[in-house]
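Here are a few exercises to work through with the model open on your screen. Try each task before you read its solution.

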Amino acid sequence: MIKHLRTILVFLLLGAIVNVAVAWGIVVARGDSIIMPAQFKFSDPIPPRWVFSYTKGTGFRMLYTFLSDDFGKRRSSPLQVARAPNWGRARVPPTREDYELGEEWHEYAHGWPWPSLFSRVRTPSEKLFPMKSEGAIKVHVWRSSTTATMSNTRYLPLYAIWRPFIANVAFYSTLIASLLILPGLVRRQILASRGGCAQCGYDLRGDFSAGCSECGWGREAEA
Ligand SMILES: [Zn+2]
């Protein structure tokens, strides 16, 4: 029983490692390109409030957030009021400090099948630098053809979004376990169908009752 528990834990750990590796791989490959949102939403109906835009894509989510201020007046069409995703900065009402700093947030979640790790980059408004990151390991990647719009900096996310994280770990653990266990099961089936020992293949002429005289398979009970 303890042995099974240990095996399950090892597979869960491997699943978690693969999940993080996949998420970071997507970050490195995709970059931190900002997708300009098509539609803005308010975090709350009453000020103080955030204005945010939520973009979804395969393997990533992007949340662009800033303070409402006079944003509503500049827009002729009424903005939608909506709840930001639970990992977003817009989920917590803006503080006095937020107003004083006047910052915007770029939040990215990455991962597959479900984005499950995220990081935040704060940008003081009016200018793009300096940027401050939260929940991220900042790395530089080498690119042969660097364009002006594609930076060499990557923010590897460290914050977990727990529900998709657990779902991904379950997905990858099951996948790894299947890949490791299935070939053995198939091999045993083939050996047994040929009338041989399921472990070593020694020809038992289809009689498995006495176990295998060659490797001892099926004889543990007698020993
Ligand atoms: Zn055998």
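**Exercise 1. Find what covers the buried residues of H4.**

Step 1. The cover includes H1 and E10. Contact here means C-beta atoms, placed from the backbone, within 7 Å. Helices (H or I, at least four residues) and strands (E, at least two) are DSSP runs, numbered from the N terminus.

Step 2. Before going on, a word on the ground rules: residues are numbered from 1 along each chain as its sequence is written. The model is predicted, so local features need pLDDT of at least 70, side-chain atom pairs count only at pLDDT 80 or more, and totals for chains, interfaces and linings use all residues.

Step 3. Now pick out the covered residues: Pro164, Phe165, Asn168, Val169, Tyr172 and Ser173 are the buried ones of H4. A residue is buried if 20 or more other C-beta atoms lie within 10 Å of its own, exposed if 12 or fewer, and partly exposed in between, with C-beta atoms placed from the backbone.

**Exercise 2. Describe the course of H4.**

Step 1. Check its span: H4 has 32 residues and covers 45 Å from first C-alpha to last, close to the expected 46 Å. That expectation is 1.5 Å times one less than the number of residues.

Step 2. Look for a bend. There's one of about 30 degrees at isoleucine 181, with proline 183 following within four residues. The bend is the angle between axes fitted to the seven residues ending there and the seven starting there.

Step 3. Past the end of H4, glycine 195 has a positive phi, near 80 degrees.

**Exercise 3. Which elements supply at least two residues each to the largest nonpolar core?**

Step 1. Start with the core, which has 26 residues; Val51, Phe52 and Phe118 are among those with the most contacts inside it. A nonpolar core is a set of buried Ala, Val, Leu, Ile, Met, Phe, Trp, Tyr and Cys residues joined through C-beta atoms within 7 Å.

Step 2. The suppliers are H1 (2-30), E2, E3 (60-67), E5 (103-110), E6 (117-124) and H4 (162-193). E3 gives the most, with five residues.

Technical notes
Contact = placed C-beta atoms within 7 Å.
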